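Please read it alongside the sequence and the coordinates.

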Amino acid sequence: MQGAVSDQGLPELHDAHASARLPVYLREIVQRRSYMWHVATNELRHRQITSVLGNVWHLLNPALSIGVYYLIFGVILKSDRGVDNFILFLTVGLFVFQFTQKGTMSGAKSIVTNKGVIKAVRFPRAMLPMSTTLTESLAFVPNFVVIVFVAVVTNEPPSIRWLAVVPLFAVQVFFTLGAAMIAARLANHFVDTIQLLPFFFRLLLYASGVLFSVDAYVASDSAYRYLFTANPMYSFITLQRWAIMGGTFRSDQLVYAILWALAIVFVGFVWFRRGEERYGRD
């Protein structure tokens, strides 16, 4: 790539894969934010463009998912012990969990599926997992609509607490972005990461209290309780359930969630950027 003019009057050549210094790197990301928005909105439009119902599927997909899970775990398996409004409990848990699951798995593919662009154009590679996280964040908006709809039809009284859903979701977005950047570099070095992630999240689903009430199945003084407490997904899900359904507010879980989000986004960004110059060469 050509840059400044050398002493001999010839343009200096720079490595197209070289990463800029951090202030320049961050400034370039901010300058290209409209591109990330374009990529995210364009991706959402194309997801349902070939289906007959089009964008209606953005609402139908989450609604049908809840119906299937409620039939299996609420009606057949009767895992609703200790929960009065199980369908709302399930709706909030599944949507919160699936956001990080989809964001991380999309981020894992962001480098692998854009090798051609990476080799041809110099830009901050962190924009790729950032774009996939933005896409999944926008895709989550219909889920908010479904959550409110389920809350209303199941006679959950509206509350000022519902407004807490937005800042709590913002904390989870930072956590998911960090996880997406970690997964993106892992998949670049070991592409089978993309195949292994669904199994990891399937295991995490049962360890996050998505499908059952942890309070009803695990004693408060049990050693297993610490496995849930240390799980950031359990904190995100429990906090969002408190915002929608009420109950006891756990300030320690809010602290855990914020600390997890800050730690993962920092570690993810630093680790992703350290491997950036290899992404176009591997």
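1. Basis of the note. The model is predicted, so local features require pLDDT of at least 70 and side-chain atom pairs count only at pLDDT 80 or more, while totals for chains, interfaces and linings use all residues. Residues are numbered from 1 along each chain as its sequence is written, and side-chain values use heavy atoms, with hydrogens and water left out.

2. Aromatic pairs. The structure holds 17 aromatic pairs; rings of Phe, Tyr and Trp (its six-membered ring) pair if their centres lie within 6.5 Å, and planes under 30 degrees apart count as stacked, over 60 as edge-to-face and the rest as tilted. The pair of Tyr-70 and Phe-86 is tilted, because the ring centres are 6.3 Å apart and the planes stand at 40°. Tyr-70 belongs to helix α3 (residues 57-76) and Phe-86 to helix α4 (residues 86-112), so this pair ties together parts that are 16 residues apart in sequence. Helices here are DSSP runs (H or I, at least four residues), numbered from the N terminus.

3. Accessibility of that pair. Tyr-70 counts as partly exposed at 31% relative accessibility, whereas Phe-86, at 4%, counts as buried. Buried means under 20% relative accessible area, exposed over 50%, and partly exposed in between (1.4 Å probe, protein chains only).

4. A pair between α4 and α9. Phe-97 and Phe-201 form an edge-to-face pair, with 6.1 Å centre to centre and 80° between the planes. Phe-97 lies in helix α4 and Phe-201 in helix α9 (residues 193-206), so the contact ties together parts that are 104 residues apart in sequence. Both Phe-97 and Phe-201 are buried.

5. Helix α4. This helix has 27 residues and reaches 40 Å from its first C-alpha to its last, close to the expected 39 Å; the expected span is 1.5 Å times one less than the number of residues. Of the 27 residues of α4, 21 are buried, so the helix is largely enclosed by the rest of the structure.

6. Arg-202. This residue is placed in helix α9 and is partly exposed, with a relative accessible area of 48%. The C-alpha atoms of Arg-202 and Gln-101 are separated by 9.4 Å, although the two residues are 101 residues apart along the chain.

7. Further ring contacts. Phe-99, Phe-140, Phe-144 and Phe-169 form one aromatic cluster. Arg-185 lies over the face of Trp-271, at 4.5 Å from the ring centre, and Arg-273 lies over the face of Tyr-25, at 4.6 Å. A charge sits over a ring if NZ of Lys or CZ of Arg is within 6 Å of the ring centre and within 35 degrees of the ring normal.

Notes: Helices (H or I, at least four residues) and strands (E, at least two) are DSSP runs, numbered from the N terminus.
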